[in-house]
Every structure is written in C-alpha cells, then in structure tokens.
Amino acid sequence: MNKKTKYLFLGLILFLTVFTVISEVSATCNIIVITDPTGQDPNGVAAGSMSFAKNMFQSSFLMSKDKQFAVLSGGEGNSSDRVQAIGQCVAALQNGASPSTAASVASSFNGIRLVVGGPNVGAAIGGSFDAYVVEEQDNGEITVTPYSSTSGGLAVLQEGHRGAIIHLRNSEGNPKMGTADSVRYQTAVNMGKMIRDGYPATRIVGEGMREVATDSGEQYGGGAVNLVSRVTTGDMFTPTEMNSTGYPMSENYTKSCPTCGWSVGFPEADNYQVCPVDGSQLKTTNACDALINAITVTSNTTSVSVYGSDRAGLADTTEAIVQASVTKYGYNPDQIAGSINKGIHNGLIMGVNYVEPKDISVKENSRAVGVYYEPLADGRTSPPWNLPVNSFVLTIIGTIQTAIGIILILLVIFRSRLIKNFQDRK
Amino acid sequence: MFIKVRRDTLMILLLAFLLILCGRIITYVAYASSPEVDQGVPIAGIIVKGNDVVPIETIRENVQAAGFRENSYIDGDMLVTSKRTLPLSEAITNAEQFACKSTVPGTTLQPIAAADVSVDEKTGIVTVTVIEDFSTIPVSNTTSADNASYNGVNTAQFKETA
C-alpha cells in the first residue's frame with residue numbers, strides 16, 4: 001500500500017468518527033446568485049460559502065444534482081444543531097418544499113443559518129443572519145435591501161426574479177474584524193451592478209467571493225456550486241484535516257502550462273518559472289479565478305470522462321491534457337491519443353498503459369471526450385518498454401555480469417595470497 | 001596514502017564496479033521491458049449511481065476501503081487486495097455496508113439508506129447503486145440505542161431543541 005492510500009484511509013476514518021467532536025462551525029460568508037430564474041443558462045444560478053473559521057467542509061455548500069437546489073449553511077451555534085438543521089432542510093427540499101419553508105427550518109435552532117435556492121424556485125435565507133438581498137424588480141430596477149436577524153428571521157428573493165443574497169459576518173479572531181458591514185454592502189452593490197450588466201451567476205459568485213476574501217478576511221474555502229450545470233468545486237478548497245482552515249481564496253492557486261496541460265499547485269508552484277516538460281511560460285491562476293473556471297461551463301470547455309482506472313489524480317491530469325490538446329488540434333482522437341501518450345511517456349500520467357485512438361471516444365457536438373485506460377498490473381507505474389531483445393535473455397546477461405563483477409572483486413581482495421600460492425606450487 | 005594499492009588493482013576494481021553496475025541496470029531493463037504478469041482481472045474503477053447530495057468521491061472512498069481499489073484484482077471468486085485475500089461475495093457485502101456509512105462531508109449525516117454493489121468479473125468494473133433518503137435520518141427525538149450507534153454519536157446531541 002503506498003503512502004497516499006494510507007493517508008486516504010486515515011482521512012476516511014476521521015470522516016466517519018471524529019466529525020462528532022466538532023464544537024463549532026461557522027460559515028460566515030454565504031452567497032447565492034440567480035441571473036437566469038428559468039434555468040436555461042448553464043451558468044445562471046450559483047452559490048458559494050467561505051469563512052475565516054475552521055472546518056469549512058462541503059456541508060457548508062451542499063448541492064442536490066437531481067432536484068437542483070443548494071443548501072448553504074453556517075452560524076455560530078453548536079455543530080450538532082447545524083447537522084440537524086441541514087438534515088431537516090434537505091429532507092424538506094427533497095419532499096418539494098419551497099426555499100422559504102426550507103430556510104425557516106433554521107429558525108428552530110439557536111444561531112444557525114441556512115441559505116436555500118435554485119433555478120425556478122428563487123432563494124431564501126433563514127435563521128441568524130446579516131444579509132443583503134439584491135433583487136431586480138419587475139420594472140427593471142435593481143434594489144439592494146438589508147435584512148438582519150439574530151434568530152428566527154427570513155429573507156426571500158422572489159421566485160422568477162434575478163438577484164442575489166449575500167450574508168457576511170466577521171468570525172472571531174479575524175484580524176480584519178469590523179469590516180463585515182461595509183464589505184457586505186459594497187459586495188452587494190457590486191454584485192447588483194454585475195447582475196445589471198449581464199454577467200453569468202458563476203462569475204458573480206466568484207467575483208463576490210474575491211471581494212469578500214480580500215477586503216474582509218473571511219477568506220478560507222469553502223467552495224461554490226453551479227446549480228444548473230450541477231458542477232461543484234468539491235474538495236478543491238476545503239480543508240484536508242479536521243480543525244484546520246481551507247484554501248485562502250485571496251491567494252494564487254495553481255500555475256499551469258497552456259500547451260501541454262502540466263500544472264502544479266501553490267506553494268510548490270513558487271519553485272517553477274517555466275514548464276518542466278516543454279519549457280513554455282506558465283500561467284498563474286488566482287484561487288477565485290480557479291473557482292470561477294471550475295464552476296463555469298463555457299463553449300470551449302471540454303467535459304472529459306476517464307474510465308478504467310480510479311488512480312488518484314489521473315482524471316484531473318487527463319482532463320488538463322485533453323483540454324490542451326483540443327484547444328491546439330481540435331477534436332481529433334489521434335492527436336488526443338498522441339498527447340496522452342506523450343504525458344504517459346513523460347511521467348505525467350502514471351499506472352496506465354499507452355492508449356490507442358480507438359480508446360478515445362469523441363463527441364464533438366456535446367464537447368465530450370471519453371478516455372478508456374488499461375490499468376497496469378503489479379503496481380507498475382509506467383508501461384513495459386518495447387525492446388527487440390527478449391527480457392528473459394536480458395535477465396540472464398545481467399545476472400552473469402553482476403556475478404563476474406563480484407568474483408573479480410573477490411579475486412582482487414585475495415590477490416597477493418593467490419599469486420603467492422601459485423608461485424609456491426611452481 | 002595509508003594503504004598501498006597497485007594501479008592495476010585499482011583498474012580491476014573499477015572494471016568490477018562497472019560490470020556490477022551494468023549487470024544491475026540490465027536486470028532492471030529486463031524487468032521494465034517484461035510483459036505484465038497475468039494476475040487475474042484488476043479492479044478497473046467504481047461507478048456510483050443514485051447519489052444526490054453525497055459526493056461521488058465520498059462513496060467511492062468508502063467502497064475502496066472495502067477492498068475494491070487500485071492494485072486489487074479478482075482471482076476466480078476471490079478478491080486479492082494489498083492487505084489480504086477474501087471471497088468476492090464477502091467483499092461486496094462489506095462494500096455495501098461501507099457505502100451506507102458515507103456521510104455528507106463535514107457532518108455526521110449518513111443519508112444513504114441502502115446500497116447495492118455489483119462487480120463485473122470480466123472487466124473489473126464495480127457499480128454502486130445507492131438510495132439517498134434524508135427523511136429517515138434520525139436527527140431528532142432519537143433515544144433508542146440503535147440510532148445512537150448508527151450515528152456514532154451521543155444521543156444527547158440529537159435531542160429536540162425546537
């Protein structure tokens with residue numbers, strides 16, 4: 001078992017057992033944006049959570065893929081209260097409750113906040129919050145209204161209206177304590193402007209989070225979801241260990257090579273100035289840009305599916321390589337297979353055999369590429385070399401050479417004695 | 001020099017060193033170019049169906065913990081993992097139980113009510129079908145011992161607060 005799997009198991013055990021001891025969880029920034037209430041635009045509804053506090057796991061930005069709703073949670077209350085609130089809220093939503101009904105579940109818990117929303121249903125915030133509701137009225141005017149409540153409150157973004165809800169409070173210990181009020185207002189106004197200017201919701205959530213992260217210090221991810229296309233940042237920015245903070249959203253996230261798809265995350269990326277594979281200039285991506293890229297579906301995004309191996313990192317690396325290959329050569333299975341094989345040869349992709357063009361399934365219309373890998377047996381990291389000499393012959397030659405070498409050393413050590421013996425006999 | 005060494009001795013030692021080095025390199029090349037050993041059907045991957053709020057990765061990790069992970073392979077009706085060899089049917093039962101223990105990340109909520117694991121013994125593909133049900137999670141008024149062990153937490157935490 002390699003080290004990585006070992007850590008994975010440890011993490012798993014933590015997940016299953018230690019979560020019970022979280023004493024306090026508080027997501028202090030929750031944002032939900034609806035720019036297309038009809039759910040037609042693939043980037044029309046998005047939501048995200050961030051905090052200065054610890055333990056910002058995916059439970060602070062849940063998404064239902066089937067029913068298309070998001071549940072953002074947080075608050076200063078007890079964590080088992082929060083867990084109950086989330087459970088009841090999701091159960092209500094799965095039974096078809098409206099966002100306002102589901103969000104008001106939070107009112108029955110002390111200090112808990114729930115933000116619920118989705119395409120076609122609007123959005124609502126309930127429980128304990130300090131929020132602005134940005135809403136486009138029927139006459140096209142965009143209003144920014146403050147709502148505040150210590151418990152049992154409810155604020156609603158009407159169904160069918162474009163708009164946003166932003167909640168922001170400063171966490172305890174944040175060095176930028178006291179900035180929440182002004183940043184909340186500024187961000188709400190800026191989000192309103194972006195809604196007016198027609199930006200997609202995914203972009204607005206990302207830009208909103210950027211502003212909150214830089215100005216108010218509530219910067220640790222967290223993450224975000226795109227409700228229409230059902231994409232989530234997953235564990236991109238969430239903490240890997242209990243009682244630790246996630247990725248700071250105000251900082252750089254990765255450096256990547258635009259030509260071959262090689263990439264490296266910070267802080268290791270500080271050591272790289274050019275791509276070690278082909279020497280081209282690396283592109284630095286800020287965490288908020290990475291978040292926007294991750295949840296935004298664009299016309300040149302290729303969805304890549306990987307089959308045949310679940311090896312850690314394989315799917316991500318393949319996606320980056322296929323993306324780079326498609327931008328360069330278009331949807332050509334031969335070129336994609338060539339790029340992937342180059343990656344396998346360079347050691348970017350490990351543990352799978354070389355692919356052939358027939359292993360690549362390309363659907364240009366839906367911009368989808370499927371890659372079928374063949375995993376290598378015996379824990380090998382790279383495919384067998386193709387040599388003209390039989391490996392059996394090589395094994396024998398190698399062993400004989402080693403043996404002769406060792407015998408020579410022995411002869412040299414006992415050299416004088418051997419020569420003496422020989423001369424004596426004469 | 002403390003030890004007197006004749007020059008030709010040095011030459012022979014160097015030659016011996018080179019011979020051993022080349023020998024080892026050739027042996028490695030032989031290993032690297034040898035065709036793969038046939039060791040049954042390797043586990044190719046896990047397909048998760050039916051999950052809604054619980055992320056695929058969480059379920060996948062739990063099923064991998066039951067033995068269906070990289071470098072495990074199916075040999076007849078046995079599953080050989082890096083740790084041990086066990087009957088495939090037992091591994092499937094374990095995987096179903098483990099899948100049911102999947103939580104919403106960051107919480108103790110285990111919304112998976114039932115899981116079905118099937119393994120294709122020819123391709124090595126593991127298919128996990130789960131049923132999520134949030135309404136059956138015992139989040140309030142749970143006083144029975146059963147629910148306490150189900151969540152792995154003290155029942156006192158789950159008393160009604162409303």
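Trainee: Which residue is the bridge partner of Gly75(A) in strand 5 of chain A?

Mentor: Gly75(A) is paired with Ile112(A). Keep in mind that this is a predicted model. The pair belongs to a set of six bridges between strand 4 (residues 69–75) and strand 5 of chain A, in the antiparallel sense.

Trainee: Is strand 5 of chain A mostly covered or mostly exposed?

Mentor: Covered. Seven of its seven residues are buried. To read a strand, take its two faces in turn. On one side of strand 5 of chain A, Ile112(A), Leu114(A), Val116(A) and Gly118(A) are buried.

Trainee: How many bridges join strand 5 of chain A to strand 6 of chain A?

Mentor: Six, and the two strands run antiparallel. Strand 5 covers residues 112–118 of chain A. One pair to find is Arg113(A), which stands opposite Gly127(A) in strand 6 of chain A. Then look at the turn. The hairpin of these two strands has three residues between them, and Asn120(A) takes a positive phi near 75 degrees there.

Trainee: What does strand 6 of chain A pair with next?

Mentor: Strand 7 (residues 142–157) of chain A, over 13 bridges in the antiparallel sense. Ala124(A) stands opposite Val156(A) in that strand. The hairpin of strands 6 and 7 of chain A has five residues between the strands. In it, Gly140(A) has a positive phi near 90 degrees. Strand 6 of chain A is also joined to strand 8 (residues 163–168) of chain A by five bridges, again antiparallel. There, Val134(A) has Ala164(A) as its bridge partner. Burial goes along with this: 15 of the 15 residues of strand 6 (residues 122–136) of chain A are buried.

Trainee: How do I read a sheet from its strand order?

Mentor: Write the strands in order and look at the two ends. One open sheet of chain A has three strands in the order 12-11-13, with antiparallel pairing. Strand 12 (263–265) and strand 13 (283–286) of chain A are at the edges, each with a single partner strand, so one side of each has no neighbour in the sheet. Neighbouring strands here are turned by 25 degrees against each other on average, direction ignored.

Trainee: How many bridges join strand 11 of chain A to strand 13 of chain A?

Mentor: Four, between antiparallel strands. Strand 11 spans residues 252–256 of chain A. Its Thr254(A) has Thr285(A) in strand 13 of chain A as bridge partner. Helix 6 (residues 287–295) of chain A lies across strands 11 and 13 of chain A, at about 85 degrees to strand 13.

Trainee: How should I read a helix?

Mentor: Start with the turn. An α-helix has 3.6 residues a turn, so residues three or four places apart point the same way. Then check length. Helix 5 (residues 201–216) of chain A has 16 residues, which should span 22 Å at 1.5 Å a residue; its end C-alpha atoms are 22 Å apart, which agrees. Then check burial. Twelve of the 16 residues of helix 5 of chain A are buried, so the helix is largely enclosed by the rest of the structure. Among them are Ile204(A), Val205(A), Met209(A) and Val212(A).

Trainee: What do the buried residues of helix 5 of chain A pack against?

Mentor: Their partners include strand 8, helix 4 (180–196) and helix 6 of chain A. Just after helix 5 of chain A, Gly217(A) takes a positive phi of about 75 degrees.

Trainee: What about the whole chain?

Mentor: Chain A has ten helices and 16 strands. Its radius of gyration is 28 Å, but a compact globule of 426 residues would have one near 22 Å. The C-alpha atoms fill a box of roughly 115 × 50 × 40 Å along the principal axes. Buried residues make up 47% of chain A.

Trainee: Where should I be careful?

Mentor: Check pLDDT. Its mean over chain A is 86, and 93% of the residues reach 70 or more. Over residues 14–25 of chain A, pLDDT stays under 50.

Trainee: And the partner chain?

Mentor: 56 residues of chain B are in contact with 61 residues of chain A. Helix 1 of chain B gives the most to the side of chain B that touches chain A, with 16 residues.

Key:
Residues numbered from 1 in each chain as written. Chains lettered and ligands numbered in written order. Predicted model: local features only at pLDDT ≥ 70, side-chain atom pairs only at ≥ 80, totals over all residues. Pairing = 2+ DSSP bridges. Axes fitted to C-alpha atoms, helices over the stretch in contact; angles between N-to-C directions. Contact = placed C-beta atoms within 7 Å. pLDDT = per-residue confidence, 0-100. Buried ≥ 20, exposed ≤ 12 C-beta atoms within 10 Å, placed from the backbone. Expected span 1.5 Å × (residues − 1). Rg over C-alpha atoms; globule rule 2.2 N^0.38 Å.
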